[in-house]
Amino acid sequence: MTYSRAGEAAERASGRTGADGGSAPEVARETAPEAAWEALVATARRTVTDGLVVGTSGNVSVRVGDTVLVTPSGVPYDRLAPEDITGVDLDGRQVLGTLVPTSELPMHLAVYRATDAGAVVHTHAVHATAVSLLVPELPPVHYMTAALGGPVRVAPYATYGTDELARAMLDALAGRTGCLLRNHGTITYGTSLDQAYDRTAQLEWMCRLWLTASSVPGRSPSLLTEEQLAEVADQLREYGQRS
């Protein structure tokens with residue numbers, strides 16, 4: 001199964017969309033968690049391939065009904081196999097597998113409880129993490145800022161894996177689909193793994209863009225206005241193919 005097909009399978013399995021683009025039925029097939037797990041592993045491996053994480057840092061999750069499949073703690077993604085499927089309910093109780101879930105489980109669950117997210121991606125991307133050290137908010141240097149709901153905020157630092165970090169993250173995510181975590185990394189969510197990953201990649205690219213432009217001596221980057229972002233947001237709603 002290719003990555004794009006895996007993402008489609010996970011989206012169908014999550015009950016978000018059906019093959020015809022409408023609402024899918026409640027997940028009842030035994031294969032649904034397995035298809036979603038395959039897509040999750042493919043996405044996790046992509047974060048390594050694309051340089052968004054190093055080693056076992058970062059984590060990925062996808063929701064299937066009332067179950068959240070999540071990468072396990074401390075296991076290299078290239079070693080994950082179908083039998084390593086790891087899942088919890090929305091209260092964090094493990095319902096699938098024997099491997100310990102990621103230490104960042106509180107962040108993932110907080111997103112699912114507070115939003116309609118179908119998938120969450122957390123990375124330690126270099127440029128995004130660098131920006132988190134410098135400013136309280138990523139300046140709107142590109143129109144893709146609108147795709148994340150507006151200028152991306154930086155959540156205050158808190159120890160990884162804690163409820164304190166999860167609360168700080170939710171505050172920074174208000175009205176947004178992604179945020180930076182000070183001295184830590186990024187977190188984004190979407191209706192599918194593909195969308196959550198794309199938002200992560202876009203965020204890292206915008207951070208790199210701002211850092212590059214800001215490094216030119218004697219010059220300041222040109223920023224977009226709220227009106228310009230609002231106009232783009234309207235256009236983005238109509239972007240892409242229609243089923």
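Let us start with Leu170, which counts as partly exposed because its relative accessibility is 30%. Please bear in mind throughout that we are looking at a predicted model. Leu170 is found in helix H5. Leaving out residues up to four places away in sequence, Leu170 touches Ala110, Val111 and Ala114. As for Val111, the C-alpha atoms of Leu170 and Val111 are separated by 7.2 Å, although the two residues lie 59 residues apart along the chain.

That brings us to the pairing of two helices. Two packed helices are described by the angle between their axes and the distance between the axes. At what angle do helix H3 and helix H5 pack? Helix H3, residues 105–114, and helix H5, residues 163–173, pack at an angle of about 40 degrees, and their axes are 9 Å apart. H3 and H5 are therefore oblique to each other. The crossing in which H3 passes H5 is right-handed. On the side of H3, the contact is made by Pro106, Met107, Ala110, Val111 and Ala114; on the side of H5, it is made by Asp163, Leu165, Ala166, Met169, Leu170 and Leu173. By residue class, this contact of H3 with H5 divides into 10 nonpolar residues, no polar ones and one charged.

How many of the 10 residues of H3 are buried? Seven of them are, and H3 is thus described as mostly covered. The buried residues of H3 are Leu105, Met107, His108, Leu109, Ala110, Val111 and Tyr112.

Val62 is found in strand S1, residues 59–64. Is Val62 buried or exposed? At 1% relative accessibility, Val62 counts as buried. Val62 and Tyr112 are 50 residues apart in sequence, and 9.5 Å apart in space from C-alpha to C-alpha. If we set aside the neighbours of Val62 within four places in sequence, Val62 is in contact with Ala36, Leu40, Thr67, Val68, Leu69, Tyr112, Gly118, Ala119 and Leu193.

Now to the charged residues. Side chains of opposite charge can pair when their charged atoms come close. A search of the whole structure finds four salt bridges. In one of them, Arg46 pairs with Asp50, and the closest N and O atoms are 3.4 Å apart. Both partners are partly exposed: Arg46 at 32% relative accessibility, and Asp50 with a relative accessible area of 40%.

A further salt bridge joins the side chains of Arg63 and Asp66, at 3.4 Å from N to O. Here the two partners fall on opposite sides of the classification. Arg63 is buried, with a relative accessible area of 15%, whereas Asp66 counts as exposed at 57% relative accessibility.

The next pair is Asp91 and Arg93, which form a salt bridge whose closest N and O atoms are 3.2 Å apart. Asp91 is exposed, and Arg93 is exposed as well. Through salt bridges that share partners, Asp89, Asp91 and Arg93 are joined into one network.

One backbone detail deserves a moment. Most residues other than glycine have a negative phi, and most peptide bonds are trans. Asn183, which is not a glycine, has a positive phi of about 55 degrees. Where is Asn183 found? The residue sits in the loop between strand S7, 178–181, and strand S8, 185–190. Asn183 counts as partly exposed, at 46% relative accessibility.

Let me finish with the overall picture. The protein has seven helices and eight strands. Of its 243 residues, 47% are buried. Among contacts between residues at least 6 apart in sequence, 65% join residues at least 24 apart. The contact between Val62 and Tyr112, at 50 residues apart in sequence, belongs to that group.

Technical notes. Residues are numbered from 1 along each chain as its sequence is written. This is a predicted model: local features need pLDDT of at least 70, side-chain atom pairs count only at pLDDT 80 or more; totals for chains, interfaces and linings use all residues. Side-chain values use heavy atoms; hydrogens and water are left out. Axes are lines fitted to C-alpha atoms, for helices over the stretch in contact, and angles run from 0 to 180 degrees between N-to-C directions. Helices (H or I, at least four residues) and strands (E, at least two) are DSSP runs, numbered from the N terminus. Angles under 35 degrees count as roughly parallel, over 145 as roughly antiparallel, 65 to 115 as roughly perpendicular and the rest as oblique. A crossing is left-handed if the near helix is turned anticlockwise from the far one by less than a right angle, and right-handed if clockwise. Contact means heavy atoms within 4.5 Å. Ala, Val, Leu, Ile, Met, Phe, Trp, Tyr, Cys and Pro count as nonpolar, Asp, Glu, Lys and Arg as charged, and the others, Gly among them, as polar. Buried means under 20% relative accessible area, exposed over 50%, partly exposed in between (1.4 Å probe, protein chains only).
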